[in-house]
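Me: Hi! Could you walk me through this structure with me? I have a handful of quick questions.
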Amino acid sequence: MFHTLIIVGNVGRDPEMRYTPSGQAVTSFSVASNRRYTSSNGEQVNETIWFRVSAWGKQAEICNQFLKKGSRC
């Protein structure tokens, strides 16, 4: 069973692409997602959550080609 999760944020560093021994492309990169909310005492709080993302196959090649540090994805 798989879960679908949509992450929207900025790429933290340039993607790194490598190949498995069988020749399949894998690209890894991190995405920072920002969250802003008001705490119980009325103060604005900014929170950043980091996600590590791995893309496989053709999608890995596309990520490596078009994404760079700071890109919105």
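**Cysteines, salt bridge, pocket and contacts**

Reply: Happy to, starting with a cysteine: Cys63 counts as buried, at 14% relative accessibility. Here buried means under 20% relative accessible area, exposed means over 50%, and partly exposed is in between (1.4 Å probe, protein chains only).

Me: Before we go on, what kind of model is this?

Reply: This is a predicted model, where local features need pLDDT of at least 70 and side-chain atom pairs count only at pLDDT 80 or more, while totals for chains, interfaces and linings use all residues. Residues are numbered from 1 along each chain as its sequence is written, and side-chain values use heavy atoms, with hydrogens and water left out.

Me: Thanks. How many disulfides are there?

Reply: Zero, from a search of the whole structure. The rule asks for a pair of cysteine sulfur atoms within 2.5 Å. Cys63 is in no disulfide, and its nearest cysteine sulfur belongs to Cys73.

Me: OK, salt bridges next. How many?

Reply: The count is one salt bridge, taking a side-chain nitrogen of Lys or Arg within 4 Å of a carboxyl oxygen of Asp or Glu. The partners are Arg35 and Glu47, at 3.2 Å from N to O.

Me: Which parts does that pair tie together?

Reply: Arg35 lies in strand β3 (residues 25-38) and Glu47 in strand β4 (residues 44-56), so the bridge links parts that are 12 residues apart in sequence. Strands here are DSSP runs of E with at least two residues, helices are runs of H or I with at least four, and both are numbered from the N terminus.

Me: Nice. Which residues does Ser30 touch?

Reply: Ser30, a β3 residue, touches Asn10, Val11, Gly12, Arg13, Trp50 and Phe51, not counting residues up to four places away in sequence. Ser30 counts as buried, at 12% relative accessibility.

Me: Gly12 is on that list. Where does Gly12 lie?

Reply: In the loop between β1 (10-11) and β2 (16-19). Beyond four places in sequence, Gly12 is in contact with Ser30, Trp50 and Lys69.

Me: Last topic: how much space lies in the largest pocket?

Reply: About 390 Å³. On a 1 Å grid over the protein atoms alone, a pocket is an open set of points where a 1.4 Å probe fits, with protein on both sides within 12 Å along at least five of seven lines, and lining residues have an atom within 4 Å of a point. Grid points are joined across faces, edges and corners, and the volume is the space filled by probe spheres set on the points.

Me: Which residues are closest to its centre?

Reply: Of the 14 lining residues, Leu5, Ile7, Val53, Ser54 and Gln59 are the closest to the centre of the largest pocket. The elements giving two or more residues to that lining are β3, β4 and α1 (58-66), and β4 gives the most, with three.

Key
Contact = heavy atoms within 4.5 Å.
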